Amino acid sequence: MTTISGMPALLRQEEFSGFGVAVGEREARLQLRRQIARLEAELSGLFAEAFGHTEVPHRVEVPAAPPRVLDLGQLEAVRDGLAARVGEAREALVERGRVETANRELVEAMLAAPRDYKWVRVSREDLGLHGCGHWHSRPRLGPIGMLMGWWRVKISSGCPLAGRLEAVEREVEARQASRRPR
Amino acid sequence: MSADSADPRMGWVPAPRQGWVAPHIASEFPGLGIASVEVDAKPGKSPEPVRRRLRDLSDRTYGSQAIRLRERPIPWAYRVFFRQIGLDPDRTRTPVEQLTLDRLHDGGFRSNGLPGDALDIAIVETGVALRAFDAGSVLGALCIRDSAPGESLAGMPGELEKGTLIIADELQPVGLLFGPTAAGIAVAPGTRRVAVAAVQVKGVPQIAVEEALWLAASTLEAA
């Protein structure tokens, strides 16, 4: 409700509208900054969740080189960029989840009927699990098993031991050294 | 900030001095602030206890923490602020993220001498962004403001773009906000007194800022 004491301000339309725009724009910038904060939190969560499973897009183009108070358009560009990345990251995670579920079902089917999945190999990484190892459908007793149809799923024993890798590196180094012209 | 405190540690480390933020910048960024402490310190090689502390920190910092870092409240607050002022936090890294990344890259926090090591320890422990200046070259209280037309940063070619956010003393810009420090203000071999400044953004609690300044100052004092 407009009071009589407020009328002079209303009558000075130019001043009033100018004041309103300035306050309105600042409010809009504050609102956009709040949205940027929320989207950044969401994107950080998705980035951390996806790390090691799939790559999620998280880069947003910057509108200004030196640090400055961004105007409405620039803040909108940052907000829109973040919103787009969040959407893409969510999609990438859902897609990855779908692939991992399909692989889990494949492993279950392989374990149930190894003969139907000859030579199929699924790694822990394909299931979104950490560490080394894989499920491999292969014949028991090599060629004999192949001929007899004795198939099984072999589960590898995990990551190679550090000592073994070191030995391989030493062997490679020794081989390279022996090849080097003297 | 009150200088008299019941905390005995505040007895030998000076209380932080609160700087100011230009009112129109403060209205855009509520929670933005700058505080500093001055300590007698000479730049040089870090003593063994400081280097040991860096090694201990290295042992406590893992790759998985680096990935989750951006979800923690204080590093997240700086990432948000970087976005809000037009910096890409994945290109221009926030101080704590840059240090964590360097730790992963180098296999440990490398000692760069004082006052750098003192700042690194405080930044990694608290997540708060710290800067060091030659206190003898800083005039009066530090502030955060936007650059005026015709202003430039000593050591950088050309004028600053109008509206660039800077840290300044009463006389001149001393550095870009989260950017390079002006020549002559940075800590140099001739520095005898160091001003450690913390830039606070929305979401960073005051206690974390005080803790960061105290950590850096006490490390410098003890060295």
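Guide: Start with Trp135(A), which lies in strand β2 of chain A, residues 134-139. Keep in mind that this is a predicted model.

Visitor: Why is Trp135(A) called buried?

Guide: The cut-off is 20 or more other C-beta atoms within 10 Å. Trp135(A) has 23 other C-beta atoms within 10 Å, so the residue counts as buried.

Visitor: Which residues does Trp135(A) touch, leaving out those up to four places away in sequence?

Guide: Val107(A), Met110(A), Val122(A), Val153(A) and Ile155(A). As for Trp119(A), 16 residues away along the chain, its C-alpha atom is 9.9 Å from that of Trp135(A).

Visitor: What makes the two chains partners in contact?

Guide: Two residues are in contact if their C-beta atoms lie within 7 Å. By that rule, 26 residues of chain B are in contact with 25 residues of chain A. On the chain B side, α1 (23-28), α3 (63-68) and α4 (73-84) each supply at least two residues. The largest share, five residues, comes from α4(B). By type, the side of chain B that touches chain A has 10 nonpolar, six polar and 10 charged residues.

Visitor: How do you know that the span of α4(B) agrees with its number of residues?

Guide: The expected span is 1.5 Å times one less than the number of residues. For the 12 residues of α4(B) that gives 16 Å, and the end C-alpha atoms are 16 Å apart, so the two agree.

Visitor: Why is α4(B) called mostly covered?

Guide: The test is again 20 or more other C-beta atoms within 10 Å. In α4(B), 11 of the 12 residues are buried. Among them are Trp76(B), Arg79(B), Phe81(B) and Arg83(B). Just after the helix, Gly86(B) has a positive phi of about 85°.

Visitor: Which residues have the most contacts inside the largest nonpolar core?

Guide: Leu130(B), Val196(B), Ala197(B), Ala198(B), Leu213(B) and Ala216(B), in a core of 81 residues. Helix α7 of chain B, residues 206-222, gives the most to this core, with eight residues. Beyond its neighbours within four places in sequence, Leu213(B) is in contact with Pro16(B), Ala35(B), Val37(B), Val196(B) and Ala198(B). In soluble globular proteins, nonpolar side chains tend to be buried together.

Definitions and conventions. Residues are numbered from 1 along each chain as its sequence is written. Chains are lettered from A and ligands numbered from 1 in the order in which they are written. This is a predicted model: local features need pLDDT of at least 70, side-chain atom pairs count only at pLDDT 80 or more; totals for chains, interfaces and linings use all residues. Helices (H or I, at least four residues) and strands (E, at least two) are DSSP runs, numbered from the N terminus. Ala, Val, Leu, Ile, Met, Phe, Trp, Tyr, Cys and Pro count as nonpolar, Asp, Glu, Lys and Arg as charged, and the others, Gly among them, as polar. A nonpolar core is a set of buried Ala, Val, Leu, Ile, Met, Phe, Trp, Tyr and Cys residues joined through C-beta atoms within 7 Å.
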